[in-house]
Amino acid sequence: INIYQHGSAIILLNENEKAVSDAGETIRVDLTYNCEYEIKMPDVDWIALSAPRAVSSHTLFYTITANPDYDNREAKIIFFDKKNKANADTLTIKQAAKGAIILSKKEFEFNQRDSIFNVLVNTNVELNVTIPDTCNWIKRIVSRALETRKLEFSVEANSNLGMRRGVILVQNEAGNLSDTIKVIQRGTSSEVTLEKYEINAGVNGGAFKIKTN
């Protein structure tokens, strides 16, 4: 006597999670099954089936478009038995957010005295801050506090007569995202100082000399 018994219906993904960069890409999904199945796509417009069964009936390709937002996004694709929806497997697609560096202010101007200023940064990437050697009169103040989104700098007093300009480059570690801060500082000739600030004039008036710089 020969006895044959069918196994239960199987739907099995080779992996249940795919991580995708913000630039987007085409992902491959390998599926093992022994039943007629259907696919429930998420209600999003950034995932599309690009080459259905182009390689084999067990391999699918999905195109993930670039993420234009500053937040991560996630969606699920469900593969289920057409005769038994409880028999299913789910693929979760997680896409990274678009990288950005947004500075609260991009240009500062100071008088010739020493000063301190800070810049608030909205970002979702690690930052590198570069001050060129030619701008050695600008120094970054590194705080020991657990604050990674506030950049603080000092500006040394300008003893020269002329105005000077500097630039600070703010970028991520990969170097593909950046922005700049312009710093302008006036020289000592940009402010008027008087030798005397008070003159006592008689009732008859008169002519007086005032010396300035």
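I looked up arginine 186 and found it partly exposed, with a relative accessible area of 26%. Partly exposed falls between buried (under 20% relative accessible area) and exposed (over 50%), using a 1.4 Å probe and protein chains only. The model is predicted: local features need pLDDT of at least 70, side-chain atom pairs count only at pLDDT 80 or more, and totals for chains, interfaces and linings use all residues. Residues are numbered from 1 along each chain as its sequence is written, and side-chain values use heavy atoms, leaving out hydrogens and water.

Next I checked its partner. Arginine 186 and glutamate 109 form a salt bridge (3.4 Å, N to O). Glutamate 109 is in strand β10 (residues 107–110) and arginine 186 in the segment after β16, so the pair ties together parts 77 residues apart in sequence. Strands (E, at least two residues) are DSSP runs, numbered from the N terminus. A salt bridge needs a side-chain nitrogen of Lys or Arg within 4 Å of a carboxyl oxygen of Asp or Glu. By this rule I count 9 salt bridges.

I then looked at glutamate 156. Its salt bridge is with lysine 139, with the closest N and O atoms 3.1 Å apart. Glutamate 156 sits in the loop between β14 (150–155) and β15 (164–172), and lysine 139 in strand β13 (residues 138–141).

How values were computed:
Helices (H or I, at least four residues) and strands (E, at least two) are DSSP runs, numbered from the N terminus.
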